[in-house]
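Hi everyone, thanks for coming. Please have the sequence and the 3D view ready, and let's walk through them together.

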Amino acid sequence: MARRSSERPTYGFTVAPVVDAVPAARRQVVSLAQDLGLPMSDQTLETVELLAGEVIANAVLYTGAPCGVAVTRADERLRVEVTDADASLPSAVEAGPNDESGRGLLLVNALADAWGTQPESPGKTTWFEITSEASTNGLGNDSAEAPPSPHAGEPAVRRTECPGHMVSPANSRSSFVPGTAGKQHQAA
């Protein structure tokens, strides 16, 4: 899993490789986010739950393998990372009005303060960050620069950027062994 710092409280858990595990996992992300003590409104927590569900669902759907989830506080930002066994980097697709899927990364792009991907061995980590209400100072999500990421040097995708098309992984059945850091929790 991604690098951790002892200065940043982190909670982690593993999600089973079934779509039915996603609702409990996204609720667990919200619970862990609340445990980190960042001031977040109910609306912001609903956004965190939505985005976590989208990123976790992508990991489970496109790999068919367990994924690791880490919830981290970095200063006044909440960071959610989902590590899966597929090395293909995600990108947004052009979903039609009747399509039942294909909008997850568009939502992440529109609602997260920053998001991106980081290659891992094996696979990748897809992450997003949400700024707590206490640090927005009336600026909302439209500030010109993203606050520093806890993983300096990683590329961040801002809300105004959105890559091309989702690549459906062909060889995504490799095993996943999540790293451990912080407290470990098991998703239902």
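Look at where T47, L50, L51, E54, V55 and N58 in α2 meet G104, L105, L107, V108 and L111 in α3. Keep in mind, please, that this is a predicted model. Helix α3 covers residues 104-111, and its axis is 9 Å from the axis of α2. The angle at which α2 and α3 pack is about 145 degrees, and their crossing is left-handed.

In case that way of speaking is new to you: a pair of packed helices is described by the angle between the axes and by the distance between them.

How far apart are the axes of α1 and α2? They are 8 Å apart, and the packing angle is about 135 degrees. Angles over 145 degrees would count as roughly antiparallel, and 65 to 115 as roughly perpendicular; α1 and α2 are therefore oblique to each other. This time the crossing is right-handed. On the α1 side, the contact is made by V22, A25, R26, R27, V29, V30, A33 and Q34. On the α2 side, look for L45, V48, E49, A52, G53, I56, A57 and V60.

Which residues of α1 are buried? They are V22, A24, A25, Q28, V29, V30, L32 and A33.

After α1 comes G37, with a positive phi near 80 degrees. Just after α2 comes G64, and its phi is also positive, about 65 degrees.

A positive phi turns up in a residue other than glycine too: D75 has one near 60 degrees. You will find D75 in the loop between β2 and β3. Is D75 buried or exposed? Its relative accessibility is 60%, so D75 counts as exposed.

Another loop to visit is the one between β1 and α1, where V19 sits. Because its relative accessibility is 46%, V19 counts as partly exposed. Leaving aside residues up to four places away in sequence, V19 touches V60 and L61. V19 and A59 are 40 residues apart along the chain, yet their C-alpha atoms are separated by 9.7 Å.

One more loop, between β4 and β5, holds P122. The peptide bond from S121 to P122 is cis, with omega near -10 degrees.

Finally, let's zoom out. The chain has 3 helices and 6 strands, and from the N terminus they come in the order β-α-α-β-β-α-β-β-β. Of its 188 residues, 47% are buried. The accessible surface is about 9300 Å², and carbon and sulfur atoms account for 50% of that. Among contacts between residues at least 6 apart in sequence, 76% join residues at least 24 apart.

Methods
Residues are numbered from 1 along each chain as its sequence is written. This is a predicted model: local features need pLDDT of at least 70, side-chain atom pairs count only at pLDDT 80 or more; totals for chains, interfaces and linings use all residues. Side-chain values use heavy atoms; hydrogens and water are left out. Helices (H or I, at least four residues) and strands (E, at least two) are DSSP runs, numbered from the N terminus. Buried means under 20% relative accessible area, exposed over 50%, partly exposed in between (1.4 Å probe, protein chains only). Contact means heavy atoms within 4.5 Å. Accessible areas come from the Shrake-Rupley method with a 1.4 Å probe; for residues, only the protein chains shown count as cover. Axes are lines fitted to C-alpha atoms, for helices over the stretch in contact, and angles run from 0 to 180 degrees between N-to-C directions. Angles under 35 degrees count as roughly parallel, over 145 as roughly antiparallel, 65 to 115 as roughly perpendicular and the rest as oblique. A crossing is left-handed if the near helix is turned anticlockwise from the far one by less than a right angle, and right-handed if clockwise.
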